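Hi,

Here's the structure I promised to pass on. Have a look at it first, and then read my notes below.

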Amino acid sequence: MRTLHRFPGGIHPEEHKAESSARPIHAPFIPNRLFIPMRQHIGQPAKPIVKVGDKVLKGQMIGQADGYVSTAVHASSSGVVTGIGLHAVAHPSGLPDLCITIDTDGHDTWTELQPLDWQSLDPAAVRGYVRDLGIAGLGGAVFPSSIKLDPKNQPIHTLILNGGECEPWITCDDRLMRERAEEVLQGARIMQHLLGAQTVIAGIEDNKPEAIAAMQAAAEKLGLQIEIAAMPTRYPGGGGKQITQTLTGLETPSGKLSTDIGVQVFNVGTAYALARAILHGEPLISRIVTVTGHVLGPQNYETLIGTPMGELVMHAGEREGTTGLIMGGPMMGFDVQPEAPVVKATNCVLVKSAELFPPKPRELPCIRCTECARVCPAQLQPQELYWFARAKNFGKAQEYNLFDCIECGCCSYVCPSHIPLVDYYRFAKSEIWAREKEKHAADIARERHEFRLFRLEREKKEKAERLAAKAQTKKAEAPTLTTDEQDAKKKLIAEALARAQAKKAGVAPKNTDNLTPEQCAEIAEIEARRARIREMAKKTIEPEKHL
Amino acid sequence: MTASTHTLPPNTSVTRVMTLVLACLMPGVLVYVWQFGWGIVINLVWASLLALGIEALALRLRGYPLKPFLTDGSAVVTAWLLALSIPPLAPWWMTLVGMIFAIGVAKHLYGGLGQNIFNPAMIGFAVLIISFPVQMTQWSAPLSLAGHAPNFTESLSLIFADTLPDGVNLDAIISATPLDTVRTGLMQQHTLDEIHGASRIFGQIGGVGSEWVAAAYLVGGIALWAFRIVPWQVPVAFLAGIWLTAGFLHWFDTGRYAAPWFQIAMPSSMLGAFFIATDPVSGSTTPKGRLIFGLGAGFLTVIIRAFGGYPDGVAFSILLMNLCVPLIDAWTQPRVFGTAKD
């Protein structure tokens with residue numbers, strides 16, 4: 001038995017798992033219309049590679065990975081592309097995003113699938129395959145798996161399969177492990193191979209005894225060296241840093257990823273999707289979604305990506321008195337429109353009613369009771385961060401480790417003043433990002449301006465030198481100038497040179513001397529790209545958080 | 001932006017926190033009535049009514065909605081803490097003045113609930129002890145020692161009409177507190193032993209009657225900790241601060257400085273430790289900071305009792321430590337997950 005460690009903070013909200021966990025996973029249905037967003041993962045959205053009017057087959061790539069931090073998108077069923085444009089998507093902002101609309105033909109005809117001989121192939125090739133099959137983390141953060149499967153310079157000693165599923169109401173991973181444990185473990189086996197990890201541990205919260213038993217049985221049957229650990233049920237025990245600490249005792253350093261300490265965490269759903277992709281050649285076109293809350297038949301549905309959530313709710317039995325939909329759990333999920341399609345990140349569609357989710361009581365002032373600090377898994381001082389965010393004192397907020405906040409919502413949950421604390425932290429974070437972006441743009445503009453000044457000065461200097469050289473030859477031909485005049489001219493030239501040099505010293509601190517404007521433009525472009533990547537990296541501090 | 005968390009546990013509210021504070025004060029109040037008579041009940045009710053009235057007026061003037069803030073319970077907690085800190089038969093206008101400064105000035109002029117840097121009840125107390133030092137020493141005598149035990153109506157007319165019961169003079173009803181007795185005796189160059197021998201006010205550990213009130217505050221305070229309304233650091237550090245400082249002084253000169261147990265057995269020490277120094281709004285918020293806050297307040301309490309101009313020092317020591325909170329908090333930020341261990 002593995003010694004389990006305790007992560008700080010945490011809460012134990014009402015579980016509400018029994019509502020949806022009793023019934024088996026429902027087979028997928030084909031909606032008349034699929035809306036498939038190009039941005040379903042962290043990083044660059046996929047690039048559409050089909051045109052309106054194209055016939056597509058089930059599993060056919062319709063969006064190509066664009067850049068390193070990106071992954072492909074596929075048609076979830078066969079049909080005709082009838083639109084490429086903005087459509088409602090699941091995003092906290094409520095803004096529409098680029099989607100490919102497919103009118104399904106009902107035949108559900110597969111494209112040709114190619115299983116992969118992963119053991120004999122070069123890992124890099126396997127990763128490329130993973131990317132083209134659209135595999136991204138299904139725990140909620142949807143980080144492209146091809147990147148997470150690349151150990152790069154940091155050797156990975158431990159692979160953690162995250163079956164925590166600590167958010168109330170959600171049971172999709174529970175059902176997956178109960179019904180498809182073998183494929184989950186086959187996926188884990190491939191992950192272990194690609195990462196070269198010595199240890200594989202599956203962490204499952206102990207409120208899922210059936211899932212734990214099923215995984216243990218599957219591990220024995222496959223003869224895999226994999227530990228199945230029953231973790232105490234405590235939210236947010238399925239958070240990447242939390243499960244890492246629970247299972248290994250290792251604390252992920254502030255601002256870093258668990259990979260920096262040699263641990264890689266994958267959601268069990270991702271392992272399953274990887275197994276389907278590698279062993280059967282199936283791209284990620286469907287996932288298990290818990291439909292629960294205020295519905296007649298709460299259940300888990302195998303759901304085609306792109307299915308409007310409203311239709312899914314209709315299938316589960318819509319009820320009178322529905323007040324809205326949440327994508328995800330009650331702690332970290334957000335409100336969505338019923339038109340928004342199911343995406344790779346959709347683990348749950350939680351249907352609200354006034355009884356289940358009464359409106360929040362009025363927000364009162366903070367009384368500094370520090371209940372929030374007691375439950376904060378990042379050991380932050382949420383009450384201080386709240387003051388700083390409110391006062392827009394963002395420098396201080398960063399000093400107090402705002403960016404270590406994983407937005408789990410424990411603080412908002414326990415707050416006696418009912419302050420939506422996480423909203424304040426998200427606001428502060430986005431303001432800081434916006435300011436950094438602005439500052440970076442200003443830096444580029446300033447550098448350009450300074451370079452222009454330098455160039456003008458250099459041209460002036462060159463001209464002066466040319467003139468001086470000319471004068472020299474003139475002088476050689478007709479030495480009529482008096483020494484006084486010569487001295488005065490020399491002095492002028494020397495002064496101009498000194499001025500130019502002084503300016504140059506003050507202006508050009510880098511190796512950007514003597515560059516053509518084209519080169520400068522290129523540098524600026526590279527800088528901009530780097531900034532984008534840096535920002536992405538920041539956003540993905542928690543690549544595989546399954547809460 | 002969407003609400004960050006869609007679900008809340010039942011019974012989490014400021015009102016619940018404040019109601020629990022009041023509930024945990026109840027043992028102390030009951031013992032107070034048992035040992036000292038009806039005066040404190042009248043004073044608690046009167047102070048509560050004043051608190052709500054002044055709170056309502058302040059909210060109206062500031063354009064805030066009345067209902068959520070009047071029902072949060074914080075004004076009543078302030079009222080009870082002030083009423084329990086002043087003599088139970090204090091005239092009605094003293095409570096009025098105290099509550100105006102507590103709720104009107106210390107709370108609302110600083111921005112209302114959650115914004116006050118000083119404990120409002122202690123500001124009210126400080127104003128009263130500075131302005132009306134004589135009235136503030138006229139405490140009810142314990143019933144077991146009193147020449148006359150005023151009943152409910154007699155207490156009422158004493159507080160609101162300043163009329164004594166027929167044929168009873170004031171000295172039969174009031175008495176100096178044990179701390180005050182010690183203080184006066186020391187000023188007359190008596191030793192502690194002489195003072196203890198000359199007065200009947202001293203009980204087993206602290207004062208007759210008042211030591212039971214202190215014990216009841218302790219019981220209520222432990223309950224408050226068990227309900228997780230107050231952290232353990234503040235009361236433990238506060239009492240430790242009193243004990244250590246008083247212990248050192250007592251060891252230094254047994255004849256001049258009161259014993260540590262005696263100091264801790266004062267009701268003000270227990271009320272201060274569990275109910276006043278633990279005020280989250282004006283106190284420190286970090287674990288280490290709370291230890292410093294409590295230790296500092298305990299230390300200053302004894303220093304003021306021993307060397308200051310007032311018989312008790314709990315109020316001033318807590319107000320002084322309130323001043324230091326921003327600095328203490330900034331210095332004692334706890335380690336964040338994933339950062340280097342100290």
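Let's start with one tryptophan: B:W38 counts as partly exposed, because its relative accessibility is 40%, which falls between the 20% limit for buried and the 50% limit for exposed. Keep in mind that this is a predicted model. You'll find B:W38 in the loop that links helix 1 (14–36) and helix 2 (39–62) of chain B.

B:W38 also belongs to a nonpolar patch on the surface, along with B:W92, B:F152, B:L156 and B:F160. Together they have about 450 Å² of accessible area. Helix 7 (residues 152–161) of chain B gives the most to this patch, with three residues.

Now for the place where the chains meet. How much area do chain B and chain A bury between them? It's about 3900 Å², and 58% of that is on carbon and sulfur atoms. Chain B puts 39 residues into the contact, and chain A puts in 53 residues.

There are polar links too: the rule finds 13 residue pairs in polar contact across the interface of chain B and chain A, as well as two salt bridges. One of the salt bridges pairs B:D329 with A:R368, with 3.5 Å between the closest N and O atoms. On the side of chain B that touches chain A, helix 15 of chain B has the largest share, three residues.

Last stop, chain A: A:E462 sits in helix 13 (residues 421–477). At 35% relative accessibility, A:E462 is partly exposed.

Cheers

Definitions and conventions
Residues numbered from 1 in each chain as written. Chains lettered and ligands numbered in written order. Predicted model: local features only at pLDDT ≥ 70, side-chain atom pairs only at ≥ 80, totals over all residues. Heavy atoms only, no water. Patch = residues over 30% accessible without salt bridge, like charges linked within 9 Å, V, L, I, M, F, W, Y side chains within 5 Å. Areas by Shrake-Rupley, 256 points an atom, 1.4 Å probe, with all protein chains shown as cover. Salt bridge = Lys/Arg side-chain N within 4 Å of Asp/Glu carboxyl O. Helix = DSSP H or I, 4+ residues; strand = E, 2+ residues; numbered from the N terminus. Buried < 20%, exposed > 50% of the residue type's maximum accessible area, 1.4 Å probe, protein only. Contact = heavy atoms within 4.5 Å. Buried area = accessible area lost by both parts, 1.4 Å probe. Polar contact = N/O pair within 3.5 Å; in protein donor to acceptor, adjacent residues only side chain to side chain.
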